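We will go from stop to stop, selecting as we go.

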Amino acid sequence: DAQAIYLAAKNTNGAAGPSGIDADGWKRFLCSRSFGKETENLCSAIADFTRKVASENQNPEHLSPFTASRLIPLDKRGWNQSVRPIGIGEVLRRIVGKSIIKLLKNDVAHVAIIKAIVGCTANRVDLIRYIPHSNLEAS
């Protein structure tokens, strides 16, 4: 819901992704009282987007701006005289991810424990498919 987006934005920090809007900018958009009712409307719209992304299949091409990252070279001169790339993702993606994880954290932990006990850890496990979808639909 909009409250989860508000709290996730309030607890997000960091540099800007390709859009150029850093965490402080998103906090201003989503947590400031200076925009009045529009702040609530934006939180609600992002909550609707989050619900849709988390519960329905999406065309990856349509999500490319959302999942884009900005690459920055990190100079490693003291180590092996090389440059290492660092990727900085979109702040909105971090806000959406935090709100989803807050909602599903207990279910993900429960499934992970069951999988570890059963011994299904040989391959990568797509844990999200084992989580009851009622949690996604309820928000």
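Keep in mind that this is a predicted model.

Select Thr39 first. Leaving aside neighbours within four places in sequence, Thr39 is in contact with Phe29, Leu30, Cys31 and Ser32. Thr39 itself is found in helix 3, residues 37-55. Is Thr39 buried or exposed? Its relative accessibility is 7%, so Thr39 counts as buried, because buried means under 20%. The side chain of Thr39 reaches the backbone oxygen of Ser32 at 3.0 Å.

Next, select Phe35. This residue lies in the loop between helix 2 (23-31) and helix 3. Phe35 is partly exposed, at 34% relative accessibility. With Phe35 they form a nonpolar patch on the surface, and together the three have about 220 Å² of accessible area.

Now look at the rings. How many aromatic pairs does a search of the whole structure find? The search finds three. One of them joins Phe29 and Phe35: the pair is tilted, with 6.4 Å centre to centre and 55 degrees between the planes. Phe29 is partly exposed, with a relative accessible area of 31%. Trp26, Phe29 and Phe35 form one aromatic cluster.

Last stop: select Phe49 and Phe66. Their rings form an edge-to-face pair, 5.1 Å centre to centre, with 80 degrees between the planes. Phe49 lies in helix 3 and Phe66 in helix 4 (residues 64-67), so the pair ties together parts that are 17 residues apart in sequence. Phe49 counts as partly exposed at 29% relative accessibility, whereas Phe66, at 15%, counts as buried.

Note on methods:
Residues numbered from 1 in each chain as written. Predicted model: local features only at pLDDT ≥ 70, side-chain atom pairs only at ≥ 80, totals over all residues. Heavy atoms only, no water. Helix = DSSP H or I, 4+ residues; strand = E, 2+ residues; numbered from the N terminus. Buried < 20%, exposed > 50% of the residue type's maximum accessible area, 1.4 Å probe, protein only. Polar contact = N/O pair within 3.5 Å; in protein donor to acceptor, adjacent residues only side chain to side chain. Contact = heavy atoms within 4.5 Å. Patch = residues over 30% accessible without salt bridge, like charges linked within 9 Å, V, L, I, M, F, W, Y side chains within 5 Å. Areas by Shrake-Rupley, 256 points an atom, 1.4 Å probe, with all protein chains shown as cover. Salt bridge = Lys/Arg side-chain N within 4 Å of Asp/Glu carboxyl O. Phe/Tyr/Trp six-rings, centres within 6.5 Å; stacked < 30°, edge-to-face > 60°.
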